[in-house]
Amino acid sequence: MKTTIDIADNIMERSRQLARSEKTTLRDLVEEGLLLVIDRRTQSKRPKIKPVTVKGNGLTDAFAKASWSQIRQAAYEGHGG
């Protein structure tokens, strides 16, 4: 897609110099820069999820050798299903 944008002269000159020195195009630099900004801004808006931990001594003797299926079945026992 083609578009026109107004860029400050000093930024444009530095961008052109960088593109020449890296043997790339101004378009590639602009796309890379936009992707970096988009990624950074969308990541910062994601909610931070705090891990949930509990204190304890692990599984009780009744479940120490139980499979996950058995533990899950016991957890939902009496709750429908």
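Which helix gives the most to the lining of the largest pocket? Helix 2 does, with seven residues.

This is a predicted model, in which local features need pLDDT of at least 70 and side-chain atom pairs count only at pLDDT 80 or more, while totals for chains, interfaces and linings use all residues. Residues are numbered from 1 along each chain as its sequence is written, and side-chain values use heavy atoms, with hydrogens and water left out.

**Helices.** Helices are DSSP runs (H or I, at least four residues), numbered from the N terminus. Helix 1 covers residues 9-21, and its end C-alpha atoms are 18 Å apart, in agreement with the 18 Å that its 13 residues should span at 1.5 Å a residue. The expected span is 1.5 Å times one less than the number of residues. Just after helix 1, Lys 23 has a positive phi of about 50°. Helix 2 is made of residues 26-44 and contains Leu 34.

**Salt bridges.** A salt bridge is a side-chain nitrogen of Lys or Arg within 4 Å of a carboxyl oxygen of Asp or Glu. The whole structure holds two.

| Pair | Closest N to O |
|---|---|
| Glu 13 and Arg 20 | 3.8 Å |

Exposure is given by relative accessible area (buried under 20%, exposed over 50%, partly exposed in between; 1.4 Å probe, protein chains only). Glu 13 is partly exposed at 36%, and Arg 20 is exposed at 55%. Glu 31 is partly exposed at 37%, whereas Arg 27 is exposed at 59%. Glu 31 and Arg 27 both lie in helix 2, four residues apart, about one turn of the helix. An α-helix has 3.6 residues a turn, so residues three or four places apart point the same way.

**Surface and pocket.** Val 30, Leu 34, Leu 35 and Ile 38 make a nonpolar surface patch of about 360 Å². Patch residues have over 30% relative accessible area and no salt bridge, and nonpolar side chains (Val, Leu, Ile, Met, Phe, Trp, Tyr) are joined within 5 Å, like charges within 9 Å.

The largest pocket has a volume of about 470 Å³. A pocket is an open set of points on a 1 Å grid where a 1.4 Å probe fits, with protein on both sides within 12 Å along at least five of seven lines; lining residues have an atom within 4 Å of a point. The lining holds 14 residues, with Thr 3, Ile 5, Arg 27, Val 30 and Leu 34 nearest the centre. Helix 1 and helix 2 each supply at least two residues of this lining.

Key: Accessible areas come from the Shrake-Rupley method with a 1.4 Å probe; for residues, only the protein chains shown count as cover. Grid points are joined across faces, edges and corners, and a volume is the space filled by probe spheres set on the points.
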